[in-house]
Amino acid sequence: MKKKVFLMPHQVQIAGWVLAGVSLLVFVGSCIFTPAYQAKADPVTWLSLMFVGLFLVGLSKEKVEDEFTVFMRTRSALTAIALMFAIRIVIALTLALALTGTWVTSAASHERFIAWYDTESHARMLKVFKEITGYGGAFMLYLIIYKIRLVRYRKESRIEE
């Protein structure tokens, strides 16, 4: 009995690569050639389109979709989730230790850290860390790990032949 795999057709992967590539080119070009904000060069729009393209790539079948590629997908997804979870734990522990002053050698350096932590730009940076280690970051990491493993597997199988 064959397991049902809910993936989009391979042609969707090709369309996803095209969408991601064009979005990345427009984003980079707009950053280089139009430094001032323009509606056509909105970075959020182009990065969102790039993410949608990569989403299509990650959820589409390969040309040859067998049991081993499904296994590699699952293993890559679990690895990405575990890594993101570990990064979140490290960030949380680091901030907790720094805020309690356990790392800090003196009260003055603890006060400097609290002043650094309370600034708006650093609060935004911590929010970015949270977003990067969320679902989107885990998906991007999954896609990278999966594609690297797939290339390595194909390369090793060619060598064996």
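These are my notebook entries on one predicted model.

**Ground rules.** I number residues from 1 along each chain as its sequence is written. The model is predicted, so I take local features at pLDDT of at least 70, side-chain atom pairs at pLDDT 80 or more, totals for chains, interfaces and linings from all residues, and side-chain values from heavy atoms, with hydrogens and water left out.

**Overall fold.** I looked up the secondary structure. The chain has six helices and zero strands. Helices (H or I, at least four residues) and strands (E, at least two) are DSSP runs, numbered from the N terminus. Along the sequence I read α-α-α-α-α-α. I also checked burial. Of the 161 residues, 26% count as buried. Buried means under 20% relative accessible area, exposed over 50%, and partly exposed in between (1.4 Å probe, protein chains only).

**H2 against H6.** I looked at helix H2 (residues 43–58) and helix H6 (residues 135–160). They pack at an angle of about 50°, with axes 10 Å apart. Therefore H2 is oblique to H6. Angles under 35 degrees count as roughly parallel, over 145 as roughly antiparallel, 65 to 115 as roughly perpendicular, and the rest as oblique. The axes are lines fitted to C-alpha atoms, for helices over the stretch in contact, and angles run from 0 to 180 degrees between N-to-C directions. Valine 52 lies in H2. I found valine 52 partly exposed, at 39% relative accessibility. Its C-alpha atom is 9.8 Å from that of serine 23, 29 residues apart along the chain.

**Salt bridges.** My rule is a side-chain nitrogen of Lys or Arg within 4 Å of a carboxyl oxygen of Asp or Glu. I get three salt bridges by this rule.

- Lysine 147 pairs with glutamate 62, with the closest N and O atoms 2.7 Å apart. This pair links lysine 147 in H6 to glutamate 62 in the loop between H2 and helix H3 (67–100), 85 residues apart.
- Arginine 154 also forms a salt bridge with glutamate 62, at 3.5 Å between the closest N and O atoms. Arginine 154 lies in H6 and glutamate 62 in the loop between H2 and H3, so the pair ties together parts 92 residues apart in sequence.
- Glutamate 65 pairs with arginine 73, with the closest N and O atoms 3.1 Å apart. Shared partners join Glu62, Lys147 and Arg154 into one network.

Glutamate 62 is buried, at 6% relative accessible area. Lysine 147 is buried, at 17%. Arginine 154 is partly exposed, at 32%.
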